[in-house]
Amino acid sequence: MDADVVRVGVDLGQGGCRAVARYGARTGHADTGGFWGADPDARVVTAVRDALADLGPVADVPLAVGVGMTGLNGQPPRVDPIRSGLRDLGRRGTLRVADDSVTAYLGALGPVPGVVVAAGTGVVVLAVGATVARADGWGADLGDRGSGHWIGRAAIRLALRDHDRGRSGPLLEAVTATFGPVETLPARWRDRPPTPEVVAGFATTVAELARAGHPGARRIWERAGRLIAESVTAAVRRTGPVGPEVPVAGTGGLFGAGDLLIAPFIAALRAGLPQARPVPAAGDPLAGALALSDGSAVPAPLAALTVHVDLAKVDIVEEVEHR
């Protein structure tokens, strides 16, 4: 890209929103609340503003902003509010917005065919081969099988079954310590349902119990790995040929659980998709959002999933970059 451009990448997830601004050798960073904390579009604009402030003064040069957003569920994003907010900051330049599965892919694998799993509060799989296929990413209520939310909810349900059977133990104690007495949990859940990120946060406790030898907690993590592998296999079967080997990379906080998740995931992956080749992610979704800001760095299949607008235009016309 032209050196006289400030590139900004934004990764809006369920649990947080991160941004990085880059101009030459200088960088600025920002962290704000995630999708569930406030208006998501406002979160993005705030993150861009704060990253630019952290970057410090620059010449009057245009911005190139790339945004990966959760909550789109594979549908085209509405860019009007974000563009309007950036214009209110007095900025000119370009804005590219895509589903967070796209930026996760760009960060993890870049322009090559393969599969990327983004697993944190939710789970989404994006496969690129002869075509592009997405699997899961349906949200906490309808899907996200194997996600942090799925793990947290499965553990709560197991603890409630233990309570019904008159069994005490560390899992039931952990649920009570985190969510309060189980006898009144249904009423409190109805009156003030926890956001998916809150339920997903309990997955950390489930991991600790699994490592301490709790059989139910370990089974939950093993099942999560198998469910994510099923989504990868389903996506690859829809893309058409990828090659003799299919690189598969995982990104997101859930993979921080290490072998609790990765071992069952790889075992199930190799059973359902023998040509799969697990590879480390080259970068995270924020790096992918920064790559998205530079349209030339986005391969055609993923550019087709990106909405690109000019911040300077008064009339808002959303256009797909590549058809």
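## Basis of the model

This is a predicted model: local features need pLDDT of at least 70, side-chain atom pairs count only at pLDDT 80 or more, and totals for chains, interfaces and linings use all residues. Residues are numbered from 1 along each chain as its sequence is written, and side-chain values use heavy atoms, with hydrogens and water left out.

Strand 1 spans residues 6-12. Helices (H or I, at least four residues) and strands (E, at least two) are DSSP runs, numbered from the N terminus. Buried means under 20% relative accessible area, exposed means over 50%, and partly exposed lies in between (1.4 Å probe, protein chains only).

Strand 1 pairs with strand 4 (residues 63-69) in the parallel sense, over 7 bridges. Two strands pair if DSSP finds at least two bridges between them. L12 has M69 of strand 4 as its bridge partner. Strand 1 also pairs with strand 2 (residues 17-23), here in the antiparallel sense over 6 bridges. These two strands form a hairpin with 4 residues between them. D11 has R18 of strand 2 as its bridge partner.

## Salt bridges

The count comes to 8 salt bridges. Each is a side-chain nitrogen of Lys or Arg within 4 Å of a carboxyl oxygen of Asp or Glu. R49 and D50 form one, with the closest N and O atoms 3.0 Å apart. R49 is partly exposed at 43% relative accessibility. D50 is partly exposed too, with a relative accessible area of 27%.

R134 and D99 meet in another, at 2.8 Å from N to O. R134 lies in strand 8 and D99 in strand 5 (residues 93-99), so the pair ties together parts that are 35 residues apart in sequence. D99 is buried, with a relative accessible area of 6%. E230 forms a salt bridge with R145, the closest N and O atoms being 2.9 Å apart. E230 sits in helix 9 (residues 215-239) and R145 in the loop between strand 8 and helix 4 (148-164), so this pair links parts that are 85 residues apart in sequence. E230 is partly exposed at 38% relative accessible area. R145 is partly exposed at 32% relative accessibility. Salt bridges that share partners also join D11, R18 and D284 into one network.

## The second largest pocket

The second largest pocket has a volume of about 250 Å³. Of its 18 lining residues, the closest to the centre are G74, Q75, P76, D99 and L305. Helix 3 (100-108) and strand 8 (132-136) are the elements that give two or more residues to the lining. A pocket is an open set of points on a 1 Å grid over the protein atoms alone, where a 1.4 Å probe fits, with protein on both sides within 12 Å along at least five of seven lines; lining residues have an atom within 4 Å of a point. Grid points are joined across faces, edges and corners, and the volume is the space filled by probe spheres set on the points.

## A buried threonine

T306 is in the loop between helix 12 (300-303) and strand 11 (307-310). T306 is buried, with a relative accessible area of 0%. A polar atom of the T306 side chain lies 3.0 Å from the backbone oxygen of L302.

Terms used. A polar contact is a pair of N or O atoms within 3.5 Å; within protein, one must be able to donate a hydrogen and the other to accept it, and residues adjacent in sequence count only if both atoms are side-chain atoms.
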